[in-house]
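Please keep the sequence and the model at hand while reading.

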Amino acid sequence: MMDAKKPENYQFSEERPITAFDSPRKPKRNKYAFACAILASMTSILLGYDVGVMSGAGPLIQDDLKISDGQLEIVMGIIELYSLLGAAAAGRTSDWVGRKYTIVIAAALFFAGALFSAVATNYAILMVGRFIAGLGVGFALLIAPGRLGEAKRVLDKTSDSKEEAQLRLAEIKEAAGIPEECNDDVVQVSKRSHGEDVWKEFFVHPTPTVLHILIAGVGIHFFQQASGIDAVVLYSPKIFGKAGITSNSHKLLATVAVGFCKTAFVLVATFLLDRVGRRPLLLSSVGGMIVSLGTLGTCLTIIDRSEKKVKWAVALAIVSMLSFVSTFEIGMGPIAWVYSSEIFPLRLRAQGTAMGTAMNRLMSGVISMTFLSLTKAITTGGAFFLFMGVAIVSWIFFYTLFPETQGKTLEEMQVLFGTFFKWRSTMRELEKKVVSKEDTNSDSNGHRELGTTTIS
């Protein structure tokens with residue numbers, strides 16, 4: 001019968017299952033990796049908590065201890081500089097007593113510093129408390145793991161496959177100078193002249209690629225804090241006072257609003273980073289900061305020079321301040337840390353990110369310890385015009401020197417960096433190569449598909 005007759009002309013191979021034609025499944029959310037990220041970020045809460053508390057407590061401390069604006073500046077900002085000392089001591093302490101007990105020491109130091117600050121009856125005791133707390137913050141920010149066996153177990157849990165875990169472990173071994181064949185749980189890593197070769201590569205004979213990465217990685221941290229964000233957060237009650245808010249309860253409420261905006265928009269940034277990309281989000285963020293700072297400076301200048309209360313200027317100043325914090329947190333705040341951690345090659349990453357962090361804390365301390373003096377010298381509005389100027393320079397810096405890193409491998413970033421202002425042409429060449437490679441793979445896949453069909 002005709003319908004029972006089997007086709008004789010073509011015979012199809014059944015080597016490929018139907019599931020091979022399905023779209024790739026999205027990887028499952030790794031709850032263990034998410035938990036590790038949450039716990040790792042808890043150390044940063046120490047510094048954030050201190051900034052939040054001191055923002056509201058600063059005016060009360062000044063009234064209680066009868067200290068000057070200059071002394072208040074030092075109290076508010078000195079913890080940033082003390083944290084650098086703590087970070088410098090944390091690495092050696094971790095070598096002596098281990099990471100676990102170093103974390104315990106960090107918590108104990110911060111607790112002791114907070115206790116000293118709480119019971120301080122004069123300026124000297126308060127400064128002792130700030131010093132101890134600063135050491136604790138520094139310890140908490142720089143705790144490094146050192147067990148190879150533990151690294152294996154963590155990578156097995158956080159990677160999408162065993163092959164990815166093995167690849168990442170091999171990269172860690174290479175960066176730490178551990179032989180590839182070594183699988184011991186505890187490894188004594190040779191210090192290899194304490195990283196002197198790395199510092200020479202950074203400062204003595206840097207390649208164009210290393211120099212470009214260094215400028216970008218440290219520069220983004222410089223501009224992040226030079227924009228005045230920590231001064232706005234720390235001194236928000238005083239700024240709101242200059243804006244025309246006289247009630248202490250209203251100042252505190254406005255300060256809470258600043259904290260709410262910071263938290264809300266940094267959460268928004270976590271969803272946008274991988275969807276929009278680092279570069280567009282960073283440039284948009286800085287653009288919003290420029291507009292907000294200019295508007296805030298204008299409103300504060302109008303309020304300062306007006307004999308009567310200008311309600312619209314007061315309202316616009318409050319909105320501009322919240323807008324500045326929000327636009328900072330949606331881009332410039334988180335991207336400074338993400339971008340600088342992505343661009344350094346493995347062999348330079350520890351020292352490179354350390355320099356970026358040091359620049360970040362140093363600039364934060366300098367701005368926090370000089371803001372009130374700056375407002376007295378050039379008025380509060382003038383200070384924000386100055387910050388706006390810094391933000392404009394930073395936008396030009398990012399636009400001209402910062403390539404997009406989203407979806408780029410370390411090898412591709414090594415090609416992009418080193419061309420400085422010509423990175424766009426380099427990126428176009430890379431994109432052409434990627435398209436050409438995809439076309440080649442598509443053609444070869446097409447040939448393989450035809451190869452599964454045979455003609456008898």
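**Briefing: helices, loops, aromatic rings and a cavity**

Lys-66 is found in the loop that lies between H1 and H2; here helices (H or I, at least four residues) and strands (E, at least two) are DSSP runs, numbered from the N terminus. The model is a predicted one, in which local features need pLDDT of at least 70 and side-chain atom pairs count only at pLDDT 80 or more, while totals for chains, interfaces and linings use all residues. Residues are numbered from 1 along each chain as its sequence is written, and side-chain values use heavy atoms, with hydrogens and water left out.

**Loop residues with positive phi**

- Lys-66 is not a glycine, yet its phi is positive, at about 55 degrees.
- With a relative accessible area of 67%, Lys-66 is exposed; the classes are buried for under 20% relative accessible area, exposed for over 50%, and partly exposed in between (1.4 Å probe, protein chains only).
- Thr-379, also a residue other than glycine, has a positive phi near 70 degrees.
- The loop between H14 and helix H15 (380-401) holds Thr-379, which counts as partly exposed at 39% relative accessibility.

**Helix H11**

- Helix H11 covers residues 248-276, and its 29 residues should span 42 Å at 1.5 Å a residue; the end C-alpha atoms are 40 Å apart, which agrees. The expected span is 1.5 Å times one less than the number of residues in the helix.
- A kink of about 30 degrees in H11 is centred on Thr-270, where the bend at a residue is the angle between axes fitted to the seven residues ending there and the seven starting there.
- Ala-254, Thr-255, Val-258, Cys-261, Ala-269 and Leu-273 are the buried residues of H11.
- Cys-261, in helix H11, has a relative accessible area of 12% and is therefore buried.
- Cys-261 and Phe-324 are 63 residues apart along the chain, and their C-alpha atoms are separated by 9.6 Å.

- Helix H13 (residues 311-343) has 33 residues, and the distance from its first C-alpha to its last is 47 Å, close to the 48 Å expected at 1.5 Å a residue.
- H13 has a kink of about 55 degrees, centred on Glu-329.
- Helix H14 (residues 346-378) contains Thr-375, a buried residue with a relative accessible area of 13%.
- Thr-375 and Ile-239 are 136 residues apart in sequence, and 9.9 Å apart in space from C-alpha to C-alpha.

**Aromatic pairs**

- The structure holds 17 aromatic pairs. Rings of Phe, Tyr and Trp (its six-membered ring) pair if their centres lie within 6.5 Å; planes under 30 degrees apart count as stacked, over 60 as edge-to-face and the rest as tilted.
- Tyr-82 counts as buried at 17% relative accessibility, whereas Phe-131 counts as partly exposed at 33%.
- Phe-398 and Phe-402 form an edge-to-face aromatic pair, with 5.0 Å centre to centre and 65 degrees between the planes.
- Phe-398 is buried, with a relative accessible area of 1%, and Phe-402 counts as buried at 2% relative accessibility.
- A cluster linked by ring pairs is made up of Phe-222, Phe-223, Tyr-339, Phe-397, Phe-398 and Phe-402.

**Cavity**

- The count comes to one cavity of 30 Å³ or more. On a 1 Å grid over the protein atoms alone, a cavity is a set of points where a 1.4 Å probe fits but cannot get out, and lining residues have an atom within 4 Å of a point.
- The largest cavity has a volume of about 30 Å³, a volume being the space filled by probe spheres set on the points, with grid points joined across faces, edges and corners.
- Ser-55, Gly-58, Pro-59, Leu-72, Met-76, Leu-234, Tyr-235, Pro-237 and Lys-238 line the largest cavity.
- Helix H1 (31-65), helix H2 (69-97) and helix H10 (236-242) are the elements that give two or more residues to this lining, and H1 provides the largest share, three residues.

Technical notes
On a 1 Å grid over the protein atoms alone, a cavity is a set of points where a 1.4 Å probe fits but cannot get out, and a pocket is an open set with protein on both sides within 12 Å along at least five of seven lines; lining residues have an atom within 4 Å of a point.
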